[in-house]
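Work through the exercises below with the sequence and the coordinates open. Each task is followed by a solution in steps.

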Amino acid sequence: MLFVTGKGGAGKTTFSSALARYAAAQGKKTLVVEMDDKGALARALQVDDLQFVAREVEPNLFAMAMNTEDSLREYIRLFVRNPLVSTIGPLAKILDFVANAAPGVKEILAVGKLCWEVRERNYDLVIVDAEATGHIVAQVDAPSILSNLVQVGVIREQTKWMQEMLHDKSTTGVVVVTTPEEMPVLETVQLLDTLQNTTKVGVAAVVANRVHEDVVLGVDIPVFNELQNAVRKKKVSPAVADALASPLEILEIAIDRRKNEVSNLEQLVSRSRSSGVMFMSVMDIDASSHNVVEQLTSVLTEELQ
Amino acid sequence: MNNLHEVLRNGRLIVVCGSGGVGKTTMSAALGAYAATLHNRRVLVLTVDPARRLADALGLESFGNAVVEIDSLALTRDGRPPAGKMFAAMIDTKASWDELISRCAPNDEVRDKVLSNKLYRNLTERFVHSHDYIAMERLFEAQQSQDYDLVIVDTPPSRNALDVLDAPRRMKEFFASRLLKLLTSQTQSRLFSIASKPFFLVADRILGARFLSDITEFFGLFRTMEAGFVARANAVEAVLKQRDTSFVVVTTLESAPLHEAEFLIDALQERDFPLTAVIANRVTPGELIGRVDDALQVLESSIQDPSFVQSVVAATQAVDPSAQQISRVINAISRKSAVVVKQAKTEQVALVSLQGRCAKANAQVCISPISGGEITHATALVALGESVHPA
């Protein structure tokens, strides 16, 4: 089970979709789950709205949207077996009560459903389009958090096996998707610290998304720099200035940005390496292009094979 | 107040909203630095977790809940220190909540019981969007203080920017909610009443009686602070709608942040919050786009011209380039700048549609031109503030 997290806008949903497609194409029966009910996963996969009941959207690829009320209903049916359930009216009301009053309950209902699918071996791989960086710990480690707060009761009993599953690094991992900008990288490093220092949940990979290319590479760099300098100092013929001055000016922004990217990425790579986390970077894909997920899937296929 | 510069000159409170990653925090600091340096105002910038480089730029080593003054040397311009002052504070949610509880608690006993309650942190974090409420709370405190002419608040990054604006109302609703009444009505015969209702019976089976009673105790204490909280929430809401308050939305011209910005504009209008300006950040100047277009046409025809290539070789002779290198470099410049221009043109189209939307909302559209470097010192912040101009 992989929890894909990242700062908003970093490309979590796109990456989850591409990863799920890749896994399905490799012959793994894969479940991809949207946790926040915003419909972004369905849009990324270009399928109709997703429901709590998983649906096979492509061969081997199942998709569902988490809904804590449905999860609670399923949970009560499976575990509580309380005959009074039928007499207590709409579950939404109870859920509202429970979830508002008790920290971690909503999370555990969601994560519990995911763990259940893993335990029952219904799929080879479960990919979770999870909460953003700031909330992922509360989500992925909900059973531990709740077991510290709740002394007794059915949920408390359930937290044990879930914790075992979530803390087993060969079963569960977090994938952090980030862009190579300063703040997202900083947040990623902080998240790695939090996950590794305060939880037992493992980090499976760090993915730098939307990385830009260098304008020129290797032996061409000194030539480019020399030309840029000459143009800037107006030491070129008028024909060259006419053709190159403005393109070089607009590229300067891209070059500066790339410089920052490189230093941010270095930090990310060394942080990942020092804790043995897989690092992967993905070049920027033209966001206006038709199917970003498809392109990203082929990038992943190339990289992972 | 209908334009950004008037607000920076005469406004009392600016609430900066926008999606994450658009440069909101830096822009808030830049507007503050600009107002302090060029309009001689005493400005407080309240921010959430700032980038380390921004803190460095402001000359801040420790950046916490307490207000710190930015060294006026850092804001010196052309050798003249500013007549105004700039202050900054980072909103620390935990510390702010503790302060709030201490202020609203009817007595020391309740205060200590709440602060030491195991559920306190968890609960405050979830039921009323605690970060958002605290941002509003700090804003109010600062705005009421006579120490500043202008307070600029960088709103917390939130899934839904509206949570911030709705936080005071949510707080009031929470106190009026059935949930709270239910939890606190029968503190005497709690266990009896829990056992007697199927509703609680299920909750009890799921959560356990002990937990339920912990929760009930906490809310019982919390409820004693109702008057203080509700009065506060009302006052905060009133301040947000005051004449000298302005909302500023920051966005880039990429599609996702723009979508969020448009959503925010609608939401602000719906709630009658005074939206003054929308700042399009990191905009490639239209004039540059035109020049690059022209140059790329020239380049396309001269790329085959031996005398052109010869001139490029001459310009770079110091590094003795091969013919292949020259051709690769020229091609790279042509291809990569075309990609940047294409993106910039898409953004120009988006800018026009944003202007249409803002005209309807009676809000000014401002532009901050893109620059590649990150802010490394405070004078660069002033320059960034200065670069913001009407579209």
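The exercises that follow concern a predicted model.

**Exercise 1. Chain summaries**

Solution. 
Step 1. Take the contacts with a separation of 6 or more. In chain A, 72% of these link residues 24 or more positions apart; in chain B the share is 80%.
Step 2. The accessible surface is about 13300 Å² for chain A, with 49% supplied by carbon and sulfur atoms. For chain B the surface is about 16700 Å², and carbon and sulfur atoms hold 50%.

**Exercise 2. The sheet of chain A**

Task: Give the strand order of the sheet in chain A and identify its edge strands.

Solution. 
Step 1. The eight strands of chain A lie in the order β3-β4-β2-β5-β1-β6-β7-β8, as an open sheet with mixed pairing.
Step 2. The edges are β3 and β8 (278-283) of chain A; each has a single partner strand, so one side of each lacks a neighbour in the sheet.
Step 3. On average, neighbouring strands of this sheet are turned by 25° against each other, with direction ignored.
Step 4. Within the order, β1 (residues 2-6) and β5 (residues 125-129) of chain A run parallel and are joined by three bridges. A:Val4 is placed opposite A:Asp129 of β5(A).
Step 5. Helix α5 (residues 105-119) of chain A packs on the sheet and touches β1, β2 (30-34), β4 (61-65) and β5 of chain A. The direction of this helix makes about 165° with that of β5(A).
Step 6. Helix α11 (residues 238-274) of chain A lies across β6 (173-178), β7 (203-211) and β8 of chain A, at about 175° to β7(A).

**Exercise 3. The sheet of chain B and its strand β1**

Task: Give the strand order in chain B, then describe the partners of β1(B) and the burial of its residues.

Solution. 
Step 1. Nine strands of chain B form an open sheet of mixed pairing, ordered β3-β4-β2-β5-β1-β6-β7-β8-β9. The edge strands are β3 (68-69) and β9 (389-390) of chain B, each pairing on one side only.
Step 2. In that order β1 stands between β5 and β6. With β5(B), β1(B) pairs in the parallel sense over four bridges, and B:Val15 is set opposite B:Val153.
Step 3. In a regular strand, side chains alternate between the two sheet faces. In β1(B), B:Leu13, B:Val15 and B:Cys17 point one way, while B:Ile14 and B:Val16 point the other way.
Step 4. All of these residues are buried: β1 (residues 13-17) of chain B has five of its five residues in that class.

**Exercise 4. A helix crossing in chain B**

Task: Describe how α4(B) and α13(B) pack, and which residues make the contact.

Solution. 
Step 1. Helix α4 (residues 93-104) and helix α13 (residues 226-240) of chain B pack at about 115°, with axes 9 Å apart. The crossing is right-handed.
Step 2. From α4(B), the contact uses B:Trp97, B:Leu100, B:Ile101, B:Arg103 and B:Cys104. From α13(B) come B:Gly228, B:Phe229 and B:Arg232.
Step 3. Sorted by class, the contact contains five nonpolar, one polar and two charged residues.

Definitions and conventions: Residues are numbered from 1 along each chain as its sequence is written. Chains are lettered from A and ligands numbered from 1 in the order in which they are written. This is a predicted model: local features need pLDDT of at least 70, side-chain atom pairs count only at pLDDT 80 or more; totals for chains, interfaces and linings use all residues. Side-chain values use heavy atoms; hydrogens and water are left out. Contact means heavy atoms within 4.5 Å. Accessible areas come from the Shrake-Rupley method with a 1.4 Å probe; for residues, only the protein chains shown count as cover. Axes are lines fitted to C-alpha atoms, for helices over the stretch in contact, and angles run from 0 to 180 degrees between N-to-C directions. Helices (H or I, at least four residues) and strands (E, at least two) are DSSP runs, numbered from the N terminus. A crossing is left-handed if the near helix is turned anticlockwise from the far one by less than a right angle, and right-handed if clockwise. Ala, Val, Leu, Ile, Met, Phe, Trp, Tyr, Cys and Pro count as nonpolar, Asp, Glu, Lys and Arg as charged, and the others, Gly among them, as polar. Two strands pair if DSSP finds at least two bridges between them. Buried means under 20% relative accessible area, exposed over 50%, partly exposed in between (1.4 Å probe, protein chains only).
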